[in-house]
Amino acid sequence: MAQIFAYISYKDGVADDAALELATVAKKIDAGADVNAIVVGSGVDAVCNEMAASYKEVWKIDKDTVAYPNAEIIRGMLVNALPKDAIVLMAHDTFSMDLGPGLSIKMDSPYVPDVVGIDGVDGSTLKTVRQEFGGQVSTHVNCDIASGAVITVRPGSFEADESKSAGGSVVDKTADAGDVSVKRTFLEVVEAEAGDVDITKSDVLVSIGRGIEEEENIEVAQELADAMGAVVSCSRPIVDAKWLEKSRQVGTSGQTVKPNVYMAMGISGSFQHLGGIKGGFIIAVNKNPKAPIFQVADIGVVADILEVMPALTEKIQEG
Amino acid sequence: MEILVCVKRVPDTEENEICLNGAGNDIECEDLVYSVNEWDNYAVEEAIQIVDRVGGSVTVVTVGDEDAEEVLRREMAMGAEKGILATDDAFEGSDGKGLATILKGVAEKGNYDLIMTGAQADDGAAQVGGMLAALMDLPYASLVNLIEVVDDKKLKVGREIEGGNQEMSEIELPCVLSIQTGINEPRYVGIRGIRKVASVEIPAMGAGDLGVDAGAVGAAGAIVKRADYFVPEMGEGAEMIEGSTEEIVEKLVEILKAKGGIK
Amino acid sequence: METLIVGPADFTFLGIPTIIFSFLIPVVGVGCFAYIIANRLAPLIKAAPDNRFNRIPERVFQLIKIWLLQWRQPRYMAAGVLHIMIFFGFLVLSIRSTELVVVGLSDDFMMPGMDGILGSIYGFIKDYAATVVLIACIIAAIRRVKKAEDRFNVPKEFDHSSEAIFVLGLISSLMIAESLYEASHMAAAGHMPAAIFSLVWFETLILSVFPVGLLQAIHILAYYVHDVIFFFFLCFLPMGKHFHVITSFFNVLFMRLDKGNIKPVRYDVSDEQLDDLESFGVKKMEDFTWKHILDFYSCADCGRCSDQCPANLVGRPLSPRFISIKAREKIFENYPLRGEHAESKPLMGDIYSEDEIWSCTTCGACEQECPLGIEYIDKIVDLRRGMVDEGMVPQSLQKPLSALEKRGNAWGKMEKKRADWTKAEGFADTCAVKLLEKGEEADTLYFVDSISSYDDRMQDLARATSLVLAAGGTDFCILGKDEKDSGNEVRRFGEEMLFQTLKDHNIDMILESGVKHIVTADPHAYNAIKNDYHNDQLPSIEHLAQYVDRKVKSGEITLKPVEDSSRVYTYHDPCYLGRHNSVYDAPRDAMDAIPGLRRVEMAKCRDRSLCCSGGGLMLFYEPEEEERMGVVRVQMAAEAGANVIVTACPFCLVNIEDAIKVAKMDDTMEAIDFSELIARHLEG
């Protein structure tokens, strides 16, 4: 079996939550394999050392040119540094969406993105589970990983491997990565405009989606939030419709939140949305019994939020 | 600027309930309606707007059978000048790399400054754009939600990244971009628009025309294969509360109090 | 009559015979007027064709009623009465003014037939007419200055108050000049006019103490002041809102005769030839029909349309009067009296905004009110057709339109589920609805339409309607999956080709079914089939309200006493049942047939009913507005003392039920549909 590498993304010197989930995925692919991590960036020693607890070898590529993770440069570096038949695991996010497809071509290996489950390996055939049509149906996707693969994993789909018993070491592979010149130059990150409310700071969120139907009904959600002492957040369609400001959006293209209680009101639960919820007790109310949100929620109610919300508000106000 | 936009015909999830067929290995097609993939539609609109600003023309291409022609006509009704239908029995069952290989064949038949795809499709893996770029050795940016033409050699692009932030880059032409929804407001195309372009000739190109090795694409060349479809188990995590609104609300309040959801 | 002074035909001033002026002033005046009118006609000639030279007897009837008898004026009592005074004064004095012009050339001239008793009677009447006009002008001017009505408060760039006051001044001057001319003559002859206490009578009284020389001067001066103002006024009319003095006759003669329908894309192109058209709808000024341009000329800026417009009321960016006024100003700018005609530019983004044009609910309140028969719905629809053709459709409307194209309903629900409402528990076993798609037959078709087929709440209306039809002993069926949306709003939102497709499909299905009669509970479906489908073979159609009214009167349906006598009902007229189809009494009579039902009327009812917010695609459009029409309506019902609003339209019910929630009136107000009210009160 080929060598497995977990690509570690990080922010402010700390590895992403998904970093340890990738270790679990690796074990599911090959329980006996030594799994390595690879960290690319500038000044990444802290991240590398952190990862050494969970991975056998931590390959470090430390260079100024990738102080900002420019996928085009990193692709070239990985192709230079990694063995030809490496199995690369990454979290499915906006960075791996930029990097993964091209990397698989350059490594001449299959690309399986946004995996939510591993159904085992049959010979050299890896069986994965993916979702299509916004989670309405799932599908088994198979590929031969004998000569390597690029696999991205939906964050939160696997338990993190917290054992930290690898006792690994950091290996500097900067020289192998070489100098890569590309035709795409990073300029800057334009931060999303800060709104009047910071939804990431709230313990309780009343989050609304398409089920709110009309702009005027947002008031109904606000009243419930007021009664609960919560803050109103939302899914992407609400921001697209300009009913709430971007800063209230939960999801991969919005804010990441860690509330104690998350009320998903009329939210179907696309993975982009779920990607923004890191923990918390989820109560989902949705008219559609097939809404994917019910798979991840702790409590589910099949009902019209426009009936439940005012009734709930009233009940809470009664005390 | 000569722009090629790759589009795909997909079941319209807004207007369908996706069900599986009896055998469980494919989605039930009988009652489906199809439309152009939403992301691709934004890409075509963006291409048309760029051409409106700096001149040039927009070509749309899709890989599929004769049915796929309807999405080309729809995009041509929006303002794309030319359409190309890449169609061949050998293309059937292509995986992402296969599709990228076919599209590379199409792209190399023309002289395009910019190639665009949708960032993803409902039934896809958000991969073709990046693969096409890598196959053609062109620079690439995904999830693009802003394009400014700097000059005839360079674009300034914004990518939508986590936290609602926007990553700004400069990218040299020719390049491949995959487009995120929300980059613009696509124009409406009605029946009349489509009828207007109904008689425009759309060339069909097969593996031979495109110089594509038939063995490298289609089911034969696919290295990533979808084995079957299945409906994920519903509510596996959620404890479902049923009853009248009154009863539901009562239980919810109980739960909220227990979990600290009411302050 | 023996006189000491001479008339303008014989007078000389500094040796110059004034008859020269009597000749020159009319010649120059008429010449200028002809030149201006020719210029004003230029855009009408370039405009799209219209079909207005037909049905002459009906047109003459409208002309007599609305133009001559000023039928719509008293709907605004104060302004209306003042206008009627000025209008009739004008009609009477136009004879005298014309006569005066010729008198300047020949002193003894009299209009034919005016030399005998008729002339005396006329003279008597016109003296009072002039007096009345003068008084009316003064009151009108005061009202203008004091902005007596909200209608007069408009944004500065649209404020034509000064023009209005100037014209009132001109009219007053004409009255005074004419009467002074006459009074000086009378005074010189030592007579008093017969019209006691009239303007000329008072003037004569005063002038009788003046020396003859002065009277002569006043006589001549008054004549030429009148002559100059008269021709100045004639040429000034086509410069602004007073053009209606000239155009109103034609505008009313050519006004629309039918209600509820929408004009074809072009009058000279049949539905089958639509595909060949290069461009659709109105994009630039000359794409309007000549009648629509005449409408723009005719707008008197009275503001009644906007005063009744629900969109304007709730702060949407639409005010119908400005649709006309902005267009008129644009035409004047593009067709200047001197210099080249300007090239016509797209209207959207120039004088109109997209939101403005999408804001209209096509309720028809503006057209119902306009005293001049100006139409707006066809213009709005034509502008929308132009926008649709250019792809300028808000994102919020694109999805439902595409769903209508693919699935035949705006919600994108599957065709095979269209009849699922018949399977509801507790209904299916009591009322078996026949399905044509299953090969069943019946005499009557119940055309359900989309919202009552698919919307959870509105399905109740479909079931209630079925129960009522069954109670009426009607053998009925539904089309099921073979029914597509009636397309009423599809057409009104400018998607003509999609409407044609839906229409053709439904006509085929209805004809194939072999039914002899159609009933629907959805006024939008009723209107589309009745007024837009234009197919002679289609069977007759009735709205449920008409059906119930008929069955109650024939005794086939009997209604039991009202369930809860403490409730007070009010009936909300749906636009597409009321204004567009004049069905006002049938639903009221049917409601009153429920013994013990207490019914009150809202401040705005019948042909002044306030739109609920709009149906069909309007449910999907997200307008900019300060308030919801539905909320205003619900408050109006409360003010009338009602606690149940009865509608006869599923869209009205959606909007009003919503509005009750928004207005937080859940505890005090309820909305139900007519079908539900009747179903609940069926005997047995």
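1. The note opens with one pair of strands in chain A. Strand β1 (residues 4-7) of chain A is joined to β4(A) by four bridges, and the two run parallel. Within this pairing, Phe5(A) stands opposite Asn36(A), a residue of β4(A). The model under review is a predicted one.

2. Seven strands of chain A form an open sheet with parallel pairing, in the order β7-β11-β6-β1-β4-β5-β12. At its edges are β7 (111-115) and β12 (169-172) of chain A, each of which pairs on one side only. From one strand to the next, the twist averages 25°.

3. The buried residues in α3(A) are Ala71(A), Glu72(A), Ile73(A), Ile74(A), Arg75(A), Gly76(A), Met77(A) and Leu78(A).

4. The next point concerns what covers that helix. From chain A, the elements covering the buried residues of α3(A) include the strands β4 (35-41), β5 (57-62) and β13 (184-190), as well as the helices α4 (94-107) and α5 (174-177). The cover also includes a strand of another chain, namely β7 (140-151) of chain B.

5. Chain A may also be described as a whole. The chain contains 10 helices and 18 strands. Its radius of gyration is 21 Å, close to the 20 Å that the globule rule gives for 319 residues, so chain A is as compact as a globular protein of that length. Along the principal axes, its C-alpha atoms fill a box of roughly 65 × 45 × 35 Å. Of the 319 residues in chain A, 56% are buried. Among contacts in chain A between residues at least 6 apart in sequence, 63% join residues at least 24 apart.

6. Chain C also contains an open sheet. Five strands with parallel pairing make up this sheet, in the order β3-β5-β4-β6-β7. At the edges stand β3 (434-435) and β7 (540-543) of chain C; each has a single partner strand, so one side of each is left without a neighbour in the sheet.

7. Strand β6 (residues 517-520) of chain C runs parallel to β7(C) and is joined to it by four bridges, with Val519(C) opposite Glu542(C) of β7(C). Helix α21 (residues 523-532) of chain C lies across β6 and β7 of chain C, and runs at about 160° to β7(C).

Note on methods. Residues are numbered from 1 along each chain as its sequence is written. Chains are lettered from A and ligands numbered from 1 in the order in which they are written. This is a predicted model: local features need pLDDT of at least 70, side-chain atom pairs count only at pLDDT 80 or more; totals for chains, interfaces and linings use all residues. A residue is buried if 20 or more other C-beta atoms lie within 10 Å of its own, exposed if 12 or fewer, and partly exposed in between; C-beta atoms are placed from the backbone. Two residues are in contact if their C-beta atoms, placed from the backbone, lie within 7 Å. The radius of gyration is taken over C-alpha atoms; the globule rule is 2.2 Å times the number of residues to the power 0.38. Two strands pair if DSSP finds at least two bridges between them. Axes are lines fitted to C-alpha atoms, for helices over the stretch in contact, and angles run from 0 to 180 degrees between N-to-C directions.
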